[in-house]
Number of protein chains: 4
Amino acid sequence: MAGNSFGTLFRYTSWGESHGPAIGVVVDGVPSRIALVEADIQQWLDKRRPGQSRYTTQRQEPDQVKILSGTFEGVTTGTPIQLMIDNVDQRSRDYRNIADRFRPGHADYTYWKKYGVRDYRGGGRASARETASRVAAGAVARKILGPGIVIRGALVQIGPHTIERAAWDWDAIEDNPFWCPDRAMASRWAEYLDGVRKAGSSAGAVIELVAEGVPAGLGEPVYDKLDGDLARAMMTINAVKGVEIGAGFGAVVLGGEENGDEMRMQGGKVEFLSNNAGGILGGISTGQDIVVRFAVKPTSSILKPMRTVDSEGNEVEIETHGRHDPCVGIRAVPVGEAMMASVLADHLLRYRAIGGAV
Amino acid sequence: MAGNSFGTLFRYTSWGESHGPAIGVVVDGVPSRIALVEADIQQWLDKRRPGQSRYTTQRQEPDQVKILSGTFEGVTTGTPIQLMIDNVDQRSRDYRNIADRFRPGHADYTYWKKYGVRDYRGGGRASARETASRVAAGAVARKILGPGIVIRGALVQIGPHTIERAAWDWDAIEDNPFWCPDRAMASRWAEYLDGVRKAGSSAGAVIELVAEGVPAGLGEPVYDKLDGDLARAMMTINAVKGVEIGAGFGAVVLGGEENGDEMRMQGGKVEFLSNNAGGILGGISTGQDIVVRFAVKPTSSILKPMRTVDSEGNEVEIETHGRHDPCVGIRAVPVGEAMMASVLADHLLRYRAIGGAV
Amino acid sequence: MAGNSFGTLFRYTSWGESHGPAIGVVVDGVPSRIALVEADIQQWLDKRRPGQSRYTTQRQEPDQVKILSGTFEGVTTGTPIQLMIDNVDQRSRDYRNIADRFRPGHADYTYWKKYGVRDYRGGGRASARETASRVAAGAVARKILGPGIVIRGALVQIGPHTIERAAWDWDAIEDNPFWCPDRAMASRWAEYLDGVRKAGSSAGAVIELVAEGVPAGLGEPVYDKLDGDLARAMMTINAVKGVEIGAGFGAVVLGGEENGDEMRMQGGKVEFLSNNAGGILGGISTGQDIVVRFAVKPTSSILKPMRTVDSEGNEVEIETHGRHDPCVGIRAVPVGEAMMASVLADHLLRYRAIGGAV
Amino acid sequence: MAGNSFGTLFRYTSWGESHGPAIGVVVDGVPSRIALVEADIQQWLDKRRPGQSRYTTQRQEPDQVKILSGTFEGVTTGTPIQLMIDNVDQRSRDYRNIADRFRPGHADYTYWKKYGVRDYRGGGRASARETASRVAAGAVARKILGPGIVIRGALVQIGPHTIERAAWDWDAIEDNPFWCPDRAMASRWAEYLDGVRKAGSSAGAVIELVAEGVPAGLGEPVYDKLDGDLARAMMTINAVKGVEIGAGFGAVVLGGEENGDEMRMQGGKVEFLSNNAGGILGGISTGQDIVVRFAVKPTSSILKPMRTVDSEGNEVEIETHGRHDPCVGIRAVPVGEAMMASVLADHLLRYRAIGGAV
């Protein structure tokens, strides 16, 4: 099956290259009679939009979304929703000098090996520009989930600098350009990234996503587990190299008695005394917060020369000029949130289909 | 879509509970005229079989596989291959005393919330027993991949003890009960796990998988990326809480110039000077070794009492008696290999479909 | 995607050859807590079972179904249901003399061209034996649909002899070996088929299926229309060459004013004054009876010599000996019913997923 | 799974309503390096375009297609191809007076029952306008199939008037407004349809499609049979009520010895002496011409009053004014061809995936 579709019941197909006239996504499987206007989507695209601080790419894209189908008089009709975003700042001339060279860390080489053709104007489908489609589709997913399910993300690490858990403040994330929940760390990151940027280098990041209000029972064992689908969703975001749920890799050093989340009753409801599981057991949501973290590698395009080869087999050097994005991980926050929303919306519909027990 | 199927073109559906008469898997999409007899599958099941050392569960299962369909005179016919394994050592009486209590860290609670019915005889579909089906299907996947693609796994960490990379010796992994490639560490793990076992506790583990010989070009951008599918495949294995590709979470602390794998020509072929990418760029294989790691949490069933609730809402304690498996991660090695083989076989067929460029 | 699975949310995968040890089907996506025991399935297999009259094949198969997974204490658990039927009367020796010859009208030639391997013992997967799996899965589908939806089939034509619509009596179909709703025609068919049988020839048939009690709203436009899925379901049954819905091909000779089903109110509900649509408009059920007809070609294996070639490219003759089935269409009734039930159960779950309007 | 996608490996998703700003289709799974420009698609849209004779709807749509993604310098890149067609002649005012009435024979009632919302401006997704997306996608499918596979369609019946098989002349179909291969019958149809049109009535039609040059081996038994997929493809076209393959319903009156297509050798190749199978046996192509016929009901919108109800439950009458299309079947020819091409392209890719035997 071709790879540009995501989800089963809530399902979207994205299209468009970084240097074509437009990109977009057609979202299918949306129940009817859900209020949906362009502003519902635009707010999340604005969050992802490049060029909002000196720590992200300076490509200028207004990213204005248009709804071309699937709604009537402000509500969904149950038919496919086409969301289109015109490409404005294409600047293909920037890339012409690297047309036949494979940028290390990028998909240039693998696309060329797979498809035998190279769109030398930029990253094409492999460009982070594609993530705007994910954010647009994720906005629709949030409407399906409704206001009771809240999905938020934050950066918890840039380069070697990790936040203090005790300092976590959700209100802080809008106050700094990093979606950092630890105000003190935000300042430190600013300083650190200024150094990285001036050195023409780049830094990686870890993003943490939390979904609150997810009911118990979502996820289909055994191969369509909720955590499996979340892991895949995050790993398909550009530059992501690792995903973990709950305690994640940290669970390895715990003993079974520390790791297992004990249960008590609280006001007639089951309450877990910890959340090492990250809200998922056996691939099914427990009703606790769902917690996912993912690692984003440092930006591959840097202002330093690197050794590579070209499509003719010559050994050459390559160096990025112009727009430079010292930490692509920053803009991954709204993308990760959108993917989480998409997975949850899909599983919510699947849960309804079999008439969940609760 | 119901969740018991894996893959798109190479696609299998597993079935059976830990305490039913049998478990099995029907494998569809296998090309015809591939030599396949039961021994081809049995060898991998033997590797996964429980009760082979004091560090894994003492459940005794011969795990003899039968091919019920899909082959004729020792070769595949292109029709679905049903592989069945009888359950022998069911011992449902062991579990009767915990019939209505939710074991912390297990899927008891979530299955009950999702399905409203409880098979109190054991883990049912959530049992690690299901992984025998994965190993059987993975054996078929290896036959599709052929001898040129070699998939191997090893434990690289148990609890806090991590192997020395420099000491890696693939020949060592068959010489100790841990699939440990570092002989010195194997002894240390034995000592450590004996302590864990005697304390009635358990330990987590990290498994590393390497696939050699994978051609460049496998993987379907943008949502069916090879790394996305591998991440999902691993995360659906019981007790897995984290997955990473190549440098993984470690990439976060690298600068872009360290992380990007530079390229040179070697004997007329492209050669990468490092493999932080883990053999995948833009979701497509590069031709390098594909490297995946995943984290397995400590066994949830331990010989210590833990607080929980029962299906009536009473606060109770629960304690496992009898068979005890101090580190479930050990037996995850052949399971991880099987899932990797399955993902690669599926993408190999998909690659053939579009007539890859190379 | 491999072709042995049917459905999306209610989804089954069948396996097994006519001359292997067993055939079966694994049914996934079944909601939990539905009462299901083997007798629920056996009743429909008994209806399909061969050898019940001189007008169908004399192969003797008890077709005893076993539930190997997915139920506990008589109810479904939400996990995959493996249904297995042992092959008893395999008689592969009957077929040995035709091992390398392609039987006209059969799939021998095309399987050989596609797969390059020939299971010379019989029809393999192309055998009508596979339809037992469909009937078993269809029995599960009926349980999902519940008693309010009634699916029945009848033969309406054998060879040139078509029933009288005015004589339709559902009670008659159990009283003759043809599922014929017109008692007078049943006698005529008996006489006609005796002649066909004695001549060593065969006859085709048309089956009509009616589903009562289907709510309005099932079916997913535009490519997963209910009628599209029904047409495909029927066309995949062995020997079927045509499918029609409602007035079908007969609609071509009607004027628009005759064909369009007018609507009135009756007791506060919408009532259609005719049913040329066969209960489906725009791919969505109307709430009327759903009416499907399909044409089954005459049995290809006859007691007369026919010209063909063998796998070496020799021109030869071929003639079936022994078991002869003068009208395969007869046994297609329970198979058609099962496929209709399967399509409806799948669409019922899909309908629930999006929370249908009514 | 939402219903607006078609195919598995060659897979497209259509979107857009009859009265929205545009319609379109995103085509995924297309191999790279296939020459494709807008003119390749436009030629088939021009064939389908309305308003080309007095026998079809007078809606005026230029149907200019734009390729928004997936090609670079005139060849496909392997990424999704977005094809967009602006809606020009929307005339929503024509429909305002029937906003709350359910047109008999249309999907108004069922969409309202399913989705609970009504786009009163026209047929929305249920409009025949959606078939332009099919034709556009089918044009891409033809490019995958290459020049060796030729797909053509013709009308063989309008109302009660059926062509003479002996008079079939493919060259004739471009010479009359009916795609009629029998020149004499074309004149008779013109006369007949003029009468139908003047009476404000409508007529049904039967279309026959022939695919030449299809290799043996396409089709996946047992549920993804080539004939099953073709049947579904045709049945999802607006107003189609019946589908048949080869001899179709006519096979019912044949004896087995007449129906089975005998085989001889001709120049070292297998040759069939007849084609009652319509080029498909056991769901797999034989290498003969593939022959499909489908029945289109008479246009439901006629210039005569019909009884219906409205969304408030009132009994009312309804009558179409303005644009009138006496035989929708005529424009179904290019649509049927496109669907046939789509099914064949999908199966060709699937065939390549498993490395077909031949």
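Reply: Start in chain A, in the loop between strand E9 (161-162) and helix H4 (183-198), where you'll find Trp179(A). Keep in mind that this is a predicted model. Trp179(A) isn't a glycine, and yet its phi is positive, about 50 degrees. Is Trp179(A) buried or exposed? Its relative accessibility is 12%, and buried means under 20%, so Trp179(A) counts as buried.

Now hop over to chain B for another case. Asp63(B) has a positive phi of about 50 degrees too, and it isn't a glycine either. Look for Asp63(B) in the loop between helix H1 (38-48) and strand E4 (65-67) of chain B. Asp63(B) is buried as well, with a relative accessible area of 0%.

Back in chain A, there's another backbone feature to check. The peptide bond joining Pro221(A) and Val222(A) is cis, with omega about 5 degrees. Most peptide bonds are trans. Val222(A) sits in the loop between strand E10 (205-212) and helix H5 (226-235) of chain A. Chain C has a cis bond of its own, between Pro221(C) and Val222(C), with omega about 10 degrees. Val222(C) is in the loop between strand E10 (205-212) and helix H5 (226-235) of chain C.

Methods. Residues are numbered from 1 along each chain as its sequence is written. Chains are lettered from A and ligands numbered from 1 in the order in which they are written. This is a predicted model: local features need pLDDT of at least 70, side-chain atom pairs count only at pLDDT 80 or more; totals for chains, interfaces and linings use all residues. Side-chain values use heavy atoms; hydrogens and water are left out. Helices (H or I, at least four residues) and strands (E, at least two) are DSSP runs, numbered from the N terminus. Buried means under 20% relative accessible area, exposed over 50%, partly exposed in between (1.4 Å probe, protein chains only).
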